[in-house]
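Thank you all for coming.

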Amino acid sequence: MEIIWYHPSQHPQVWLDGMRQRIPEVEIRQWQPGDKAPADYAIVRSPPVEMLAGRALKGVFAMGAGVDEILSQLRQQPAMLADEVPLFRLEDTGMARQMQEYASWCVLGWFRRFADYRQQQQQAVATAGGSRSSRLYGGRDGNRRAGAQRAGESAAVGLSAARLEPFTKKPGGRADVSRP
């Protein structure tokens, strides 16, 4: 079996070496402009039309999260890939959970002012700036529906809802992180 591989920005040697270790019986090479040698399959991300056009491939595997880019190319250049060549996309390669966690980290970072606190830490200054979430959700005493929603969202990322509540300052400037 012969496989051609192409990605416009990834370092090919890491990919090629990894695939050769896992499937040593397969011949795999990086596609280069002008490469017209036969191949059974292509593993690609943003492939040039020249790479796929005129090849008798058994299948094309998209390295990205979908095949929209390749389908868009096919609308512009229908001869890029024969109609009978199947195009495979990855459903979930295990990144969905990591993407959810990253998005949650970004949102929580903004709501809880992580960047502000990081800057204060670097400047050796400590002030309690409060939480943006208290303004958006009506604070600790906000409506039950918003609280329940926050609890469900925080549970989805493995956090206790109580840990997300904004803290208040006691007289004298001390932070009160106790719960009623």
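The mean pLDDT of the protein is 78, and 69% of its residues reach 70 or more. Over residues 163-170, however, the pLDDT is below 50, although this stretch has 27 contacts in the model beyond near neighbours in sequence. Residues 174-180 also stay under 50, and there the model has 14 contacts beyond four places in sequence. Where pLDDT is low, the predicted coordinates should not be read in detail.

Let me turn to helix 3, which spans residues 68-76 and whose buried residues are Ile70, Gln73 and Leu74. Why are these on the same side of helix 3? They cover an arc of only 100 degrees around the axis, and that places them on the same side. What covers these buried residues includes strand 3 (41-44), strand 4 (59-62) and strand 5 (87-88). On the face turned away from the buried side, helix 3 carries the exposed residues Asp68, Arg75 and Gln76.

Finally, the aromatic rings: a search of the whole structure finds 6 aromatic pairs. In one of them, the ring centres of Tyr6 and Trp31 are 5.8 Å apart and the planes stand at 80 degrees, so the pair is edge-to-face. Because Tyr6 lies in strand 1 and Trp31 in the loop between strand 2 and strand 3, the pair ties together parts that are 25 residues apart in sequence. Both Tyr6 and Trp31 are buried. Tyr41, Phe61 and Phe88, in turn, form one aromatic cluster.

Notes. Residues numbered from 1 in each chain as written. Predicted model: local features only at pLDDT ≥ 70, side-chain atom pairs only at ≥ 80, totals over all residues. Heavy atoms only, no water. Buried < 20%, exposed > 50% of the residue type's maximum accessible area, 1.4 Å probe, protein only. Helix = DSSP H or I, 4+ residues; strand = E, 2+ residues; numbered from the N terminus. Arc of directions from axis to C-beta. Contact = heavy atoms within 4.5 Å. pLDDT = per-residue confidence, 0-100. Phe/Tyr/Trp six-rings, centres within 6.5 Å; stacked < 30°, edge-to-face > 60°.
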